[in-house]
Amino acid sequence: MKKTLCLWMALLMLMLAVLPALGEEEVSLFAPGAATPAPAAQPAPATAVPQAEPEAATPLPEGDADARAAFIDEMIALAQSIYRQTNGRAQPANSAGDIYVCKNFTVHLFRKNRDDYRMAAYPDVPLVIPNNLPAKESKPYSYGIAWQDVPAEQGNPFYAAHSLYYDTNLSKEENREKAMAFMRQVQRGDFFQMSADYYYGVGAHSLVFTQDYDADSDSVTWTDSNMKGESRGGKRYGYVQYDAVKPIEWFVDAFCKRGRGATLYRLRDDIINK
């Protein structure tokens, strides 16, 4: 009996020796089935390639070119009026409700003029302008490159005409070449959204271009608020700019960096009077 017991004990020890130790297996956080997938190598979602007009497969109802032009003219005229009223003085740009925060300024220009216009495809739907895409949904890129994707049937009269995301699969020179081509697509009335790292700061910025790209000077002209600003007593104050001009290379230096980029949002062609 004692001899048999010893044999069973020896056999059990041998089995334990060849079995793997529980809890010692290496498990990658990015293994299949893990909660967090491995981030991709940052391919460019779009790289300075014009996007088709919205719903290209289905032609848009005919719009009114004069109405579209008037809508753009009114937004730019309002920007000029605000610029003159502020008279070079910095304005509050600290709270969510301040219209002199960069995104709020462009939204203000739009909302103050939208009520007289509609889209021919959705004549009964009031116009809206999308918010920026949230930071979580922007990953692996930085916040501020794009807007939320609001469909036209819900009132969004804009489409992403061109966009540039820094592509880590390309060289720095190749990215800059694409970024320069992207900036040459600017048209009067385009809303511009970028994530930048430049002289005036790091982060998202919004503006409206007031002229077409100027090939002679290789420059663009715009209006915005709070690109330039200052702090007083812990609060931010921003300056309104109108007909500001810079070479396109200045913008490329700002947003053509790893994890950053920019988008040009353009009014659809089927804008009509209400």
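Helices (H or I, at least four residues) and strands (E, at least two) are DSSP runs, numbered from the N terminus. The model is predicted, and local features need pLDDT of at least 70, side-chain atom pairs count only at pLDDT 80 or more, while totals for chains, interfaces and linings use all residues. Residues are numbered from 1 along each chain as its sequence is written, and side-chain values use heavy atoms, with hydrogens and water left out.

**Overall composition**

The protein has six helices and nine strands. Buried residues (under 20% relative accessible area; exposed is over 50%, partly exposed in between; 1.4 Å probe, protein chains only) make up 42% of the 274 residues. Contact means heavy atoms within 4.5 Å. Among contacts between residues at least 6 apart in sequence, 70% join residues at least 24 apart. The structure holds zero disulfides, a disulfide being a pair of cysteine sulfur atoms within 2.5 Å.

**The sheet**

Two strands pair if DSSP finds at least two bridges between them. Seven strands form an open sheet in the order β1-β7-β6-β5-β4-β8-β3, with antiparallel pairing. The edges are held by β1 (91–92) and β3, each with a single partner strand, so one side of each is left without a neighbour in the sheet.

| Strand pair | Bridges | Direction |
|---|---|---|
| β3 (residues 158–165) and β8 | seven | antiparallel |
| β4 (residues 191–198) and β8 | five | antiparallel |
| β1 and β7 | two | antiparallel |

His162 has Leu264 in β8 as its bridge partner, and Phe191 stands opposite Tyr265 in β8.

Strand β8 (residues 261–267) is largely enclosed by the rest of the structure, because seven of its seven residues are buried. Gly261, Thr263, Tyr265 and Leu267 point one way from β8, whereas Ala262, Leu264 and Arg266 point the other way.

**Nonpolar cores**

A nonpolar core is a set of buried Ala, Val, Leu, Ile, Met, Phe, Trp, Tyr and Cys residues joined through side-chain atoms within 4.5 Å. The largest such core has 33 residues, of which Phe71, Met75, Phe110, Phe158 and Phe191 touch the most other members. Two or more residues come from each of α2 (65–86), α3 (102–111), β2 (117–119), β3, β7 (235–247) and β8. The largest share, seven residues, comes from α2.

Phe158 is in contact with Phe110, Ile129, Trp147, Phe191, Tyr265, Arg266 and Leu267, leaving aside its neighbours within four places in sequence. A second, separate core of 27 residues includes Phe182, Tyr198, Ala244 and Phe255.

Helix α3 is mostly covered, as eight of its 10 residues are buried. These are Cys102, Lys103, Phe105, Thr106, Val107, His108, Leu109 and Phe110. What covers them includes α2, β3, β4, β5, β6 (219–232) and β7. Cys102 itself has a relative accessible area of 11%.

On a 1 Å grid over the protein atoms alone, a pocket is an open set of points where a 1.4 Å probe fits, with protein on both sides within 12 Å along at least five of seven lines; lining residues have an atom within 4 Å of a point. Grid points are joined across faces, edges and corners, and a volume is the space filled by probe spheres set on the points. The second largest pocket has a volume of about 260 Å³. Its lining comprises 18 residues, of which Ala96, Lys103, Asn104, Val107 and Asn131 lie nearest its centre. The elements that give two or more residues to this lining are α3 and β5 (201–209), and α3 gives the most, with six residues.

Asn175 is found in helix α5 (residues 172–183) and counts as buried at 1% relative accessibility. Not counting residues up to four places away in sequence, Asn175 touches Tyr165, Tyr166, Asp167, Leu170 and Cys256. Cys256 is also buried, at 6% relative accessibility.

Gln185 is found in the loop between α5 and β4 and is partly exposed, with a relative accessible area of 31%. Beyond residues up to four places away in sequence, Gln185 touches His162, Asp190, Leu264 and Arg266. Gln185 and His162 are 23 residues apart in sequence and 7.6 Å apart in space, C-alpha to C-alpha.
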